[in-house]
Amino acid sequence: MVKSAVHKSPVQLLGTTSDVVAPLDPTDLPEEEFHWSSVMLAEVIERGSRLEASVFNIEGRHARKLIDQCKWEQTVISGETGLSTAYHRPRFKRIWVDKPGIPIFQPSQITEINPKPSGYISYKTNTDIDALKVHKGQILLTCSGTIGRTALVGKTLDGQIFSHDLLRITCKEHHDTGYLYAFLKTQTGKALIRTSEYGAVVSHIEPEHLESIPIPNPPPILKRKVHDLIMNSYALRDESNDLLSEAERLLYDALKLPPLEKLRQHAFDGKPNLLNYQVNLSQIDGRLDASYHIPVIDSIMRLLKKKALAVTVIGNPKISKRIIHPARFARVYVKEGQGVPFFSGKQICELDPSTKKYLSLAKHRDRVEHDLKLTANMTIITRSGTIGKVALVPEHWNELIASDDIIRVEPSSPEIGGYLFIFLASEYGRELLLRFMYGSVQKHIEDHHVAQTPVPLLKDSSVQSKINRLALEANAKRTEAYHAEQKAIRITNEEVIHSH
């Protein structure tokens, strides 16, 4: 028998594979900080003779017990007898280049609704570029670092290139795809994935680990029910992205905006590699950092003033009611069920910014009510670290709690909120916002910077109204997509995992 112990985040296996009692008395530590369980030798051998306590953690053992007790027969996620096949790509040295190049995405982006390339790699990169592409209908699972993030490849990601740290999973039967995805999104599925990870500093899982993870195998009619909901959810996300693309195209057409890269080429008098320029004393504006005065900003402003009806700023009362930047505070976190869910700026591009952090309502009630709470159709902007990520708050985020590292812009009316988001999410809006960045190590912007950010108003008010409407329709589809996915996960939990 092996006794394993987990104390807070470090993982420790106590004992050996013989009948030895752990030399640590569990009564020596507070119950909430110490978890232990007895493990039979047969289980150690069954799990590949692995001795990490995480392989036998209580959450994972409980998940396996649930699978054993449910009324459906079992199979495994992958392998000859499993529901799917899985693989990942070998590591390779990336040769980063400026645009144009081959756009590449990072594994952490798979849960974003409409991700943008994290960078560009050279065509000379020594790897099979085509093999890095993901394909519609595949399930993607992060297999390094943060293990178990799950996504389905829809139209938006089809054919895009991702780095090697992803498991690509293809189901043998089409109707198993949505079901397997929903299972991996449940707490039970996540717990089982975590029991397979290994690594002292950076955690990993391999494709062969999926061959030992059990999954209930209910009748095809039940799996199709879940599958159809998931496929509908991803179809709605793709429709949402199409609407946003159409809105941005209308904006560019109305303002006759060329690709920003083309504008950059002319900002330095045709010498893009010679980054030097003069600034008059009257234009210093209290800023001595060169990035604030980069010539492309002047080029953008000249173009906007020429093509727009007027150029105003976000702080104009006709554009925004309030611009909220919550003050920093010492956060008091509590366990699930004892507080309110709290998510960070890293998650604002996701459909469901699920989190394991919960903020104490007793300690932070006033701050939650006045500063931290989100409302539907508010534009939110990350202000620290990765600056300028923008999202339009959907209905299902209404009254959720977000980090103080996010600036909130409450639109003056429903007729401007969607349009404001489309402009800020465009490369032109982002460039105008990012000029205000400051900081030597970690960059920041402030609420007064957002208030000063220019916004063009269109000469054709009907086009501006259409752009606004398309953005709001896209947001509504994201809420529909969320509810479809949640229904699929609920069915998987209630009618499959917890069925007896």
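The second largest pocket holds about 320 Å³ of space. On a 1 Å grid over the protein atoms alone, a pocket is an open set of points with protein on both sides within 12 Å along at least five of seven lines, a cavity is a set where a 1.4 Å probe fits but cannot get out, and lining residues have an atom within 4 Å of a point. Points are joined across faces, edges and corners, and a volume is the space filled by probe spheres set on them.

The model is predicted: local features need pLDDT of at least 70, side-chain atom pairs count only at pLDDT 80 or more, and totals for chains, interfaces and linings use all residues. Residues are numbered from 1 along each chain as its sequence is written, and side-chain values use heavy atoms, with hydrogens and water left out.

Of the 15 residues that line the second largest pocket, Gln-283, His-293, Ile-297, Asp-298 and Arg-435 lie nearest its centre. Helix 7 (residues 295-307) gives the most to this lining, with four residues. Helices (H or I, at least four residues) and strands (E, at least two) are DSSP runs numbered from the N terminus.

By the grid rule there is one cavity of 30 Å³ or more, and the largest cavity has a volume of about 30 Å³. Its lining consists of Ser-240, Leu-244, Leu-392, Phe-421, Ala-471, Ala-474, Asn-475 and Arg-478. Helix 5 (220-255) and helix 12 (461-497) are the elements that give two or more residues to it; helix 12 gives the most, with four.

The table sets out both linings by class; Ala, Val, Leu, Ile, Met, Phe, Trp, Tyr, Cys and Pro count as nonpolar, Asp, Glu, Lys and Arg as charged, and the others, Gly among them, as polar.

| Lining | Residues by class |
|---|---|
| Second largest pocket | eight nonpolar, four polar, three charged residues |
| Largest cavity | five nonpolar, two polar, one charged residues |

The structure holds six aromatic pairs, in which ring centres of Phe, Tyr or Trp (its six-membered ring) lie within 6.5 Å; planes under 30 degrees apart count as stacked, over 60 as edge-to-face and the rest as tilted. Phe-105 and Phe-162 are stacked, because their ring centres are 5.3 Å apart and their planes at 25 degrees. Phe-105 lies in the loop between strand 7 (102-104) and strand 8 (119-121), and Phe-162, 57 residues apart from it, in the loop between strand 10 (150-152) and strand 11 (166-171). Phe-105 is buried at 3% relative accessible area, and Phe-162 is buried at 0%; buried means under 20%, exposed over 50%, and partly exposed in between (1.4 Å probe, protein chains only).

The chain has twelve helices and 22 strands, and buried residues make up 50% of its 500 residues.
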